[in-house]
Amino acid sequence: MQLIPAIDLRAGRCVRLLQGDFTAETRYAAEPGELLLRYQAHGASWLHLVDLDRARDGGGTNRALIERLAGSPPCSCRSAVGYARTGHRAAPRRRGCPRSGRSAAVECPGTVAAWLARFGRERICLAFDVRTETDGEPRVRTHGWTRASGLTLWEALGRLPRGACATCYARTSSVTAL
C-alpha cells in the first residue's frame, strides 16, 4: 500500500475542509512548502495537491504555488484543481504534475478517457470522493463533496474503458467504504 499525503490549498494556505464544507475549514500554521518538506522527510514519494479555490468556483487559483511545489524533487506531485469544468483540457501535463487526481471522471468521462489515451494511463490518477450511504453502497460525491452524483464508485469506474487507468484512489468519509 502506498500512502499519498495531501495538501489542500485555499488562498495559498494549507487548510482542510470537512467534506467540502467551506464554512467548516481548519487552517494550519504550516506553509505549503514547509509541509511538503515534512512529508518528504517522512518518506513520501508522492504528494496530492488540491486547489480548493479553483475547485469551488473556477476562479482564484493557486497555480503558481502548485507549479512551485511540483518542481520540488524528490517528491512527485499530482494535482486536483477542477480543470474539467474550466476548459483546461490539457492541464495534467502542462501544470508540472505528472499525475492528476480527477473527480471529473464522473461528469466528463469522455474527456477523462481522452486524457488517458493522450497522456497515458501512468500519468493520470483518478480521484473520487466517496461516502458510504445508509444502503451500504460507496456513492461518489462531486464538487469537493458538495453534490451527490447518484453513482456508486463501481458505476463511476464503469464509465471508463476497462484498464484505461493504472491508478485510482477514493477519499472516503467512512473507513467502512474501503
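This is a short talk through one predicted model, from the whole chain down to a few residues.

Hi everyone. Some ground rules to begin with. Residues are numbered from 1 along each chain as its sequence is written, and side-chain values use heavy atoms, leaving out hydrogens and water. The model is predicted, so to speak of local features we need a pLDDT of at least 70, and side-chain atom pairs count only at pLDDT 80 or more, while totals for chains, interfaces and linings use all residues.

Let's look at the whole chain. It has eight helices and ten strands. Helices here are DSSP runs of H or I with at least four residues, strands are runs of E with at least two, and both are numbered from the N terminus. Of the 178 residues, 44% count as buried. Buried means under 20% relative accessible area, exposed means over 50%, and partly exposed is in between, with a 1.4 Å probe and protein chains only. Now for contacts, meaning heavy atoms within 4.5 Å. Among those with a separation of 6 or more, 59% are between residues 24 or more positions apart.

How confident is the predictor? pLDDT is its confidence in each residue, from 0 to 100. The chain has a mean pLDDT of 75, and 72% of its residues reach 70 or more. Where pLDDT is low, the predicted coordinates should not be read in detail.

Next, the inside. A nonpolar core is a set of buried Ala, Val, Leu, Ile, Met, Phe, Trp, Tyr and Cys residues joined through side-chain atoms within 4.5 Å. The largest one has 17 residues, and Val 112, Leu 126 and Phe 128 touch the most other members. Helices α6, α7 (109–119) and α8 (153–158) and strand β7 (125–132) each supply at least two residues. The most come from α7, which gives four. There is also a second, separate core of eleven residues, including Ile 7, Leu 35, Leu 36 and Ile 66.

Two of those names take us to helix α1. Which residues of α1 (residues 32–41) are buried? They are Pro 32, Leu 35, Leu 36 and Gln 40. These residues lie on the same side of α1 because they cover an arc of only 145° around the axis, taking the directions from the helix axis to the C-beta atoms. On the other side, Leu 37 and Ala 41 are exposed. Just after α1, Gly 43 takes a positive phi of about 95°.

Asp 8 sits in strand β1 (residues 6–10) and is buried, at 4% relative accessible area. Its side chain makes a polar contact of 3.5 Å with that of Arg 16. Such a contact is a pair of N or O atoms within 3.5 Å; within protein, one must be able to donate a hydrogen and the other to accept it, and residues adjacent in sequence count only if both atoms are side-chain atoms. In the loop between β1 and β2 (13–18) we find Ala 11. Ala 11 is exposed, at 61% relative accessibility, and has a positive phi near 55° although it is not a glycine. Most residues other than glycine have a negative phi.

Note on methods
pLDDT = per-residue confidence, 0-100.
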